[in-house]
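Dear colleague,

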Amino acid sequence: MSREQSRAWAMLAPYAVGLAVLIVLPALLTFGLALFRYDLLGSADFRWLGNFADLLRDRDFHRALANSLVFIAIAVPLRLIGALALALLMHRDFRGAGAGRTAAYLPTVVPDSAYALLWLFLFNPLYGPLNGGLGALGIHTPAWLTVGSSAMAAIILMSCFTIGEGFVVALATRQELPGELYELARLEGSGPLYTLRRVTLPLMAPTLGLLAARDVAFSLQATFVPALLVTQGGPNRATTFLPQLIYENAFQNLRYGYAAAMTLTMFLVTLVIVYVQYRIVGRWRFGFGR
């Protein structure tokens with residue numbers, strides 16, 4: 001091993017140790033705990049697949065899984081389209097571009113609890129500015145947090161403003177595309193929409209696929225704080241997502257093995273969705289080149 005390789009391994013060692021201790025080891029313990037009934041107070045009772053059999057009969061789990069899938073199906077495309085649209089609008093340097101990019105990224109750095117409390121004020125039906133503005137325009141004001149569909153829409157709306165990381169990645173990708181391709185497209189008489197469809201989107205497809213896969217995993221976790229602080233999983237479990245149900249079973253009901261089985265199920269659902277995305281994006285990318 002050369003001196004440069006030794007230095008590289010030495011620099012990576014703290015990260016590898018942290019990754020193993022904080023992510024890999026807890027994940028293995030969680031997956032193993034899914035096979036036991038454990039309440040932290042007594043001894044663990046080996047159940048094999050008993051926890052997963054209970055999941056099949058648990059209506060609360062079915063509702064939380066359905067809510068999570070609905071959230072992913074709506075929020076992930078909206079977040080991806082928003083990040084892409086902002087990147088395409090702001091990839092060139094113009095007056096105010098820096099301020100616009102900062103404004104797009106700023107909500108992402110706000111702590112989740114502070115962000116949720118801010119939206120709790122915005123959604124207030126009595127003195128919240130959102131319904132106040134809609135009422136002033138003569139638009140019907142939804143009962144954001146008291147009706148199931150409106151509460152789900154509120155959680156999705158909150159997530160659409162935290163696209164800063166995806167925006168930065170999409171912006172960097174767009175700025176790295178060679179300008180010669182666009183000059184050639186203009187010489188050939190290509191219009192903006194045709195160039196977008198035939199040049200920009202195929203070249204950005206790998207990055208967009210990565211962002212979509214990342215956003216699926218992120219969306220499953222990001223619903224925890226808004227649902228807990230803004231809607232408390234209601235009304236009538238309409239905004240109870242898998243992370244909150246796992247939290248309730250583990251830390252309120254002390255059903256750690258059952259919560260671990262839910263976590264493993266959520267992990268497997270994420271893998272399936274990401275794989276499907278990978279297949280779709282692969283076909284979509286090559287289909288544009290025909």
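This is a predicted model: local features need pLDDT of at least 70, side-chain atom pairs count only at pLDDT 80 or more; totals for chains, interfaces and linings use all residues.

Helix α8 (residues 164-176) packs with helix α10 (residues 192-222) at an angle of about 155°, and their axes are 10 Å apart. An angle over 145 degrees counts as roughly antiparallel, and α8 and α10 are therefore roughly antiparallel to each other. Their crossing is right-handed. On the α8 side, the contact is made by E165, G166, V169, A170, T173 and R174; α10 contributes T200, M204, T207, L211 and R214. These residues divide into four nonpolar, four polar and three charged.

The count of salt bridges comes to nine. One of the residues in the helix contact, R214, forms a salt bridge with D215, with the closest N and O atoms 3.4 Å apart. R214 is partly exposed at 31% relative accessibility, whereas D215 is buried at 6%. Salt bridges with shared partners join R79, E165, R214 and D215 into one network.

Within helix α2 (residues 50-57), R57 and D54 lie three residues apart, about one turn of the helix, and their side chains meet in a salt bridge (2.6 Å, N to O). R57 is exposed, with a relative accessible area of 61%, while D54 is buried, at 17%.

A further salt bridge links R237 and D60 (4.0 Å, N to O). R237 lies in the loop between α11 (224-231) and α12 (242-252) and D60 in helix α3 (residues 59-90), so this pair ties together parts that are 177 residues apart in sequence.

Yours sincerely

Definitions and conventions: Residues are numbered from 1 along each chain as its sequence is written. Side-chain values use heavy atoms; hydrogens and water are left out. Axes are lines fitted to C-alpha atoms, for helices over the stretch in contact, and angles run from 0 to 180 degrees between N-to-C directions. Helices (H or I, at least four residues) and strands (E, at least two) are DSSP runs, numbered from the N terminus. Angles under 35 degrees count as roughly parallel, over 145 as roughly antiparallel, 65 to 115 as roughly perpendicular and the rest as oblique. A crossing is left-handed if the near helix is turned anticlockwise from the far one by less than a right angle, and right-handed if clockwise. Contact means heavy atoms within 4.5 Å. Ala, Val, Leu, Ile, Met, Phe, Trp, Tyr, Cys and Pro count as nonpolar, Asp, Glu, Lys and Arg as charged, and the others, Gly among them, as polar. Buried means under 20% relative accessible area, exposed over 50%, partly exposed in between (1.4 Å probe, protein chains only).
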